[in-house]
Amino acid sequence: MEKFRTILDLCLSHKKVLGFSAVSLLTAGSERIFSVVVFKCPCNSWSMWYGIAFLLVPALVLFLLGYLLNTKTWKLLTGCCASGKKCSCSSPGHLLRCLQVLWLSTVSAAVAPLTWIAVALLGASFYECAVSGSSKLQNYLCKEHGPECREQVAQIPCSETLSKELQNELSSLRAQSQVLGWILIAGFMTLVLISTCINRCRSPISFLQLQFWKIYLKKEQEFFDNKAKEHAAKMAERIVSCYFDSTELEPFYTPSDKAWWQISSLYAFNTKEQYYSMIHKYISSKRDESIRSAEGDMFPPILGFVDEAETQVP
């Protein structure tokens, strides 16, 4: 039991890395299924567009889905330009914060689409189909052969006989695809490593406090979810009981719209008054004043996880 708990704690402490790994594995598995079951190269004038569509369109869908499922995106956009309200990204400081949040959201959303493209390039099926339909690349591959070679190159993905006859050309296509795939993987991993190192080096807090911060946010989210469920259940029970019993509705406190706006805004770090979340900042400050921005506020990327907390109230 202790070993199981140790493994569980390890998984929870590396939840983000494991999450990205799971997304990558699911994406890679989906790409393999698509390439074997769904993908059938037409081997005609549509080959190039057909191959490009299977290579890039699913990646675009996964990228947009990553934005849709990202909590930061909706914390930033929800109500930012509501009627009668000044757009929250209009000032230079807020615009910079908006760009930082969009960058972090983009990095998270890019994991699945880049995995799809990389795995597809390593498999080479989509690339072979797309390239075999390209007139420029047909001319390149057939520069030492006769005019019939161009028609044969277009038929390579559909004919095992031609694949054997043009083994050198087919090997070139696969080599190009796989080299591009490895370059994409190496480039993305290098970018992630460099950005992580920079964010860690510029962290305004120590390593152990960072670990404590993550534990606090996890517990705060659990308490918030439980309290929100309990509060909503009591409120719903009172209203329904008053309806059926035809009685007066007694006063019942619930947070105001302004209070909800305050704790739903994006987190900013301040060395003068350090808070661990927007709820912490709201409770510790004057509740009738805005807590969205103050002099000395910073938006270090290392603390981007503060805005990733997502309530799970049904």
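The structure is a predicted model, in which local features need pLDDT of at least 70 and side-chain atom pairs count only at pLDDT 80 or more, while totals for chains, interfaces and linings use all residues. Residues are numbered from 1 along each chain as its sequence is written, and side-chain values use heavy atoms, with hydrogens and water left out.

The protein chain contains 14 helices and zero strands. Helices (H or I, at least four residues) and strands (E, at least two) are DSSP runs, numbered from the N terminus. Of the 314 residues in the chain, 30% are buried. Buried means under 20% relative accessible area, exposed over 50%, and partly exposed in between (1.4 Å probe, protein chains only). The accessible surface of the chain is about 20,200 Å², and carbon and sulfur atoms account for 65% of this surface. Accessible areas come from the Shrake-Rupley method with a 1.4 Å probe; for residues, only the protein chains shown count as cover. Among contacts (heavy atoms within 4.5 Å) between residues at least 6 apart in sequence, 72% join residues at least 24 apart.

A disulfide is a covalent bond between the sulfur atoms of two cysteines. Here the term is applied to a pair of cysteine sulfur atoms within 2.5 Å. The structure holds one disulfide, which links C41 and C129 with an S to S distance of 2.1 Å. C41 lies in the loop between α2 (15-38) and α3 (47-68) and C129 in helix α7 (residues 125-132), so the bond ties together parts that are 88 residues apart in sequence. The link of C41 and C129 is right-handed, with 85° about the S-S bond. Both cysteines, C41 and C129, are buried.

The closest cysteine sulfur to that of C197 belongs to C201, and because the two are 6.3 Å apart, they are too far for a bond. C201 is in no disulfide. C197 is partly exposed, at 40% relative accessible area, whereas C201 is exposed, at 69%.

One cavity of 30 Å³ or more was found. On a 1 Å grid over the protein atoms alone, a cavity is a set of points where a 1.4 Å probe fits but cannot get out, and lining residues have an atom within 4 Å of a point. Grid points are joined across faces, edges and corners, and a volume is the space filled by probe spheres set on the points. The largest cavity holds about 50 Å³ of space. Its lining includes R97, Y267, F269, M298 and D307.

Notes. On a 1 Å grid over the protein atoms alone, a cavity is a set of points where a 1.4 Å probe fits but cannot get out, and a pocket is an open set with protein on both sides within 12 Å along at least five of seven lines; lining residues have an atom within 4 Å of a point.
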